[in-house]
Amino acid sequence: AFILTILLLFITFLTIAGNATICFIIIYFKRFRRSNYLVTSLAVSDLLVGVVVMPPAIIYQVSGDWYFGSILCHIWLSADVLNCTASIFNLCMVSIDRFWLIMKPLKYETKRTKLRMSLYIAIIWSLAMCISLPPLLTMGNEYEEIQNGPTVCALYQHFIYQIYAIIGSFYIPLLVIIPVSIST
């Protein structure tokens, strides 16, 4: 358990340090701001995974017990799905953006405005919320305090929601990223 904890802490540290560095560089150096809105959004989603999701996950994984109560269980699970899904959607949009850059370089710069990029980011995070919020708002996650046993904190396991989340978070982005990547 000790080696696993050290490994998970190291991965969390790299996640936080790497994405914080990317955010710092883009904010501090003006020349990087214009063309890196999607990269910034990706770094923010991954930074939030490192700061909000991974530390409780390490404690839960290593101990096998959820120590933070029902409310934080639901918030943590939603933050996990939200930020991981936003990360995947950001990667998807980065591939589309790079595809447009390569395939239509002359039109690319005129159509790639701050407003348009902000709209893409708003859509990315809104779609991620559509996948992450249903268990928090209506369905409920699984939080169970077992007498004389560990407390369980698990994502809502209903079959329909699982299919919805998997298709929306993984398969649709995969069906976009693969052809876009192959054609460039």
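**Stop one: a pair of helices**

Select residues 2-28, which are helix α1, and residues 37-63, which are helix α3: the two pack at an angle of about 160°, with their axes 9 Å apart. Here helices are DSSP runs of H or I with at least four residues, strands are runs of E with at least two, and both are numbered from the N terminus. The axes are lines fitted to C-alpha atoms, for helices over the stretch in contact, and angles run from 0 to 180 degrees between N-to-C directions. That angle makes α1 roughly antiparallel to α3 (under 35 degrees counts as roughly parallel, over 145 as roughly antiparallel, 65 to 115 as roughly perpendicular and the rest as oblique). Colour the contact of α1 with α3 by class and you get 18 nonpolar, 7 polar and 1 charged residues. Ala, Val, Leu, Ile, Met, Phe, Trp, Tyr, Cys and Pro count as nonpolar, Asp, Glu, Lys and Arg as charged, and the others, Gly among them, as polar.

Before moving on, a word about the model. It is predicted, so local features need pLDDT of at least 70 and side-chain atom pairs count only at pLDDT 80 or more, while totals for chains, interfaces and linings use all residues. Residues are numbered from 1 along each chain as its sequence is written, and side-chain values use heavy atoms, with hydrogens and water left out.

Now jump to residues 142-145 (β1) and 151-154 (β2), which pair in the antiparallel sense over 4 bridges; strands pair if DSSP finds at least two bridges between them. Click Glu 144 and look across to its bridge partner in β2, Val 152.

Which way do the side chains of β2 point? Buried means under 20% relative accessible area, exposed over 50%, and partly exposed in between (1.4 Å probe, protein chains only).

Finish at Asn 148, in the loop between β1 and β2. Its phi is near 60°, a positive value in a residue other than glycine. Asn 148 counts as exposed because its relative accessibility is 80%.
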